Amino acid sequence: MRGQVTQRRAAPPRLAHILIKGPPMSERVERFTYDDGIVRNFAFATAIWGLVATLAGVTLALQLVLPQLNLNEWLTFGRLRPLHTNAAIFAFAGNAIFAAVYYSSQRLLKARMFSDTLSKIHFWGWQAIIVAAAITLPLGLSQSKEYAELEWPIDVAVVVVWVVFAINFFGTIAKRRERHLYVAIWFYIATIVTIAILYIFNNLVIPAGLFKSYPVYAGVQDAFMQWWYGHNAVAFFLTTPFLGLMYYFLPKAAERPVFSYKLSILHFWSLVFIYIWAGPHHLHYTALPEWASSLGMVFSVMLWMPSWGGMINGLLTLRGAWNRVASDPVLKFFVVGITFYGMATFEGPLLSVKTVNALSHYTDWTIAHVHAGALGWNGFMAFGMLYWLAPRLFQTKLWSKRLAEYHFWIGTLGILFYIIAIYAAGVTQGLMWRAFDETGRLAYPDFVETVVRLLPMYWVRVVGGLMYVAGIVMCLVNIVMTWKNRPAKYEEPVHEAPALGADTDPAPQLQIPEHAPLLEAHHRVAYFTRAAWHRVWERRPAKFTILVTVAVAIASLFEIIPTFLIRSNVPTIASVKPYTPLELYGRDIYIEEGCYNCHSQMVRPMRAETERYGEYSKAGEFVYDHPFQWGSRRIGPDLHRIGGKYPHLWHVRHMDDPRSTTPQSIMPAYPHMLTKDIQFDVIQQRVDAMAMLGVPYGDAVNQAEQMARKQARRIAEDIEDQGGPPGLEGKEITAMVAYLQRLGTDIKQAPPPEAEEAPSAATPESDTTVIRVQGF
């Protein structure tokens, strides 16, 4: 009978004796078509936004060697870099993900998408979000958190569109005609669930205006949450969905089955559970508690194994098909893409080791690592998918296979030019920053000496970037010309498949042959080792999704709860006070101009850094920093101890024309700060928002504007007395000067160590310690 297995007594015990008993398939055959129109839309969007993202990247590369290309306040490096990263991640990679999900899910589940309307809302909603980002980021409307710069109204839109996507995806699973979920679907589920968790909890803010907000977290805890999100955005937006893409499109292109089903199980679950722990390794030697960064390092090193499990599974899928790689550009892109995945996932754990991180952090080494993954892994997997999809979506031959070959080679060379030069730049930076001469002094005390040394390597990066852009232009031309050769009307093949049983799907059970107790242990071991248990999970998408959510949540909470609830993680300092209203406004300008893209505010406890910048940074100095500004890269020097180092007039001249104070500087000029008015009327609202977050503002809660005007007038008078231009008291430059002159000065007024843990409450005017949990 159907669904039963009989046992012959003479036969040795085998897995065939194990019965996974489930509901019968429905005998009713259903007819259906696939919605390839939505896939075409996302495929075109992938190619177009890929060109936009990389053109923005080349523009930034040119601005670093030709600072005069920072044309105006809206097109400076600080404002365009977030546009580049968001376009690369959410526009280019994001649309590639959705194209892959919509095409492969329908075929793997044998069902049309749950709702064509939801598919269209998803597509146009996502494009609208990208356009909103392209408008707001150059305007300086930013939260300043990497990969999470978008302000709160756009964040709300992202969540809404993501929910639409999730409903459409899980609705399709619910009406599927294929009982088991293929491995690609596992990775799509992990992506949808985890990105929702990460994005929502990292973007909890208090609005202070239509496009202004402050995160509920501060300082150390904000840094922890940001890199819990930032690292795992790479994991679950740039890794897991592309692994799903790999598991579907690579076997299709190679016409070979996936190498190992059991390896895919091990790869998936270990990746989902381990990846989420690794974020704190981005914060080695900072004010983050050492236990947290060490824990992140341990899990990052462990992450190498499941990551390479995926790479091996991908490359070995090509067994028996390697001869086709030489002639098939699709397979070329996939092979090189998976190879870059292996390189990046080896280098990531390497960079998480503290000894290596001490050299690499804040340098261009990290930039090279990121671009090897983004251009090599994400880019080449997306291009391979597009070339495989184009003839199937447009129902005609690919316009030019030779052009696709040219794209592959010029793109590969472009990546190599880029990353080799920037790896060299990163190592050069790290070694020069920490070099001492024979007298025990810094060998390169002037930061700009390092910048000048890197310029030839930056020019090589420009060349590599232009080659990669040329490849994308070839891809776009090839796709457009293929589309132009499409038939007058697309055919919509009708597929048939039996509907799943309408019963309640009782839990499959392991069946042990009767009167054979000695075989029970063998059967149970075989049931586990041959992954029959996982086949059970694959039949239960709700259970599978819950298990993924639990794995992600457990790993997250084990790090988040101690960081927030153990007071000793963030010891407070009595002399640290909130920013004055004018300083707060100046800090907002610092964020608006994207200064965090080039400068850090974190002096690490290393001799080379304390010799160069001053006393190392303490956790208690950041308790009022909403958001934190530790940075992740130093194109310019660290600024955490800049306060009081130079007179007011130096800062005015430096912002107006950086070359007037540092002739070899590559910093953009900000002359508009000397003419742009301070919006005094918004300062009170911003102070109120900070007060809602627990910042003890005292009288400033009711007198913020008056206090800001008074401090601005005093600073403007000092600038004029030092020989500077008159009439700056209402200009943004005075707020910027106020903020910069405040940085790092609280610690200079710190009380004796025994007073640092005084339990009394404080006002901005007192010298007693504020004991508080940041962000609450």
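This is a predicted model: local features need pLDDT of at least 70, side-chain atom pairs count only at pLDDT 80 or more; totals for chains, interfaces and linings use all residues.
L139 is found in the loop between helix α3 (116–136) and helix α4 (152–174).

**Second stop: a hairpin**

Next, select residues 205–209, which make up strand β3, and residues 212–215, which make up strand β4. The two strands run antiparallel and are joined by four bridges. They form a hairpin, with two residues between β3 and β4. To see how the strands face each other, select G209 and K212: G209 stands opposite K212 in β4.

Show the side chains of β4 as well. K212 and Y214 point one way from the strand, whereas S213 and P215 point the other way. All four of these residues are buried.

A search of the whole structure finds 60 aromatic pairs. Select W186 and Y261 to inspect one of them. The ring centres are 6.3 Å apart and the planes stand at 65 degrees, so the pair is edge-to-face. This pair links distant parts of the chain, since W186 belongs to helix α5 (residues 183–202) and Y261 to helix α8 (residues 261–275), 75 residues apart. W186 counts as buried, because its relative accessibility is 0%. Y261, with a relative accessible area of 30%, is partly exposed.

Because W186 lies in helix α5 and F268 in helix α8, the pair ties together parts that are 82 residues apart in sequence. F268 has a relative accessible area of 0% and is buried.

**Last stop: cysteines**

How many disulfides does a search of the whole structure find? The search finds zero. Select C598 and C595 to examine one case. The closest cysteine sulfur to that of C598 is in C595, at 7.8 Å, which is too far for a bond, because a disulfide requires sulfur atoms within 2.5 Å. C598 counts as buried, with 14% relative accessibility. Finally, select C475, which also counts as buried, at 1% relative accessibility.

Conventions:
Residues are numbered from 1 along each chain as its sequence is written. Side-chain values use heavy atoms; hydrogens and water are left out. Buried means under 20% relative accessible area, exposed over 50%, partly exposed in between (1.4 Å probe, protein chains only). Two strands pair if DSSP finds at least two bridges between them. Rings of Phe, Tyr and Trp (its six-membered ring) pair if their centres lie within 6.5 Å; planes under 30 degrees apart count as stacked, over 60 as edge-to-face and the rest as tilted.
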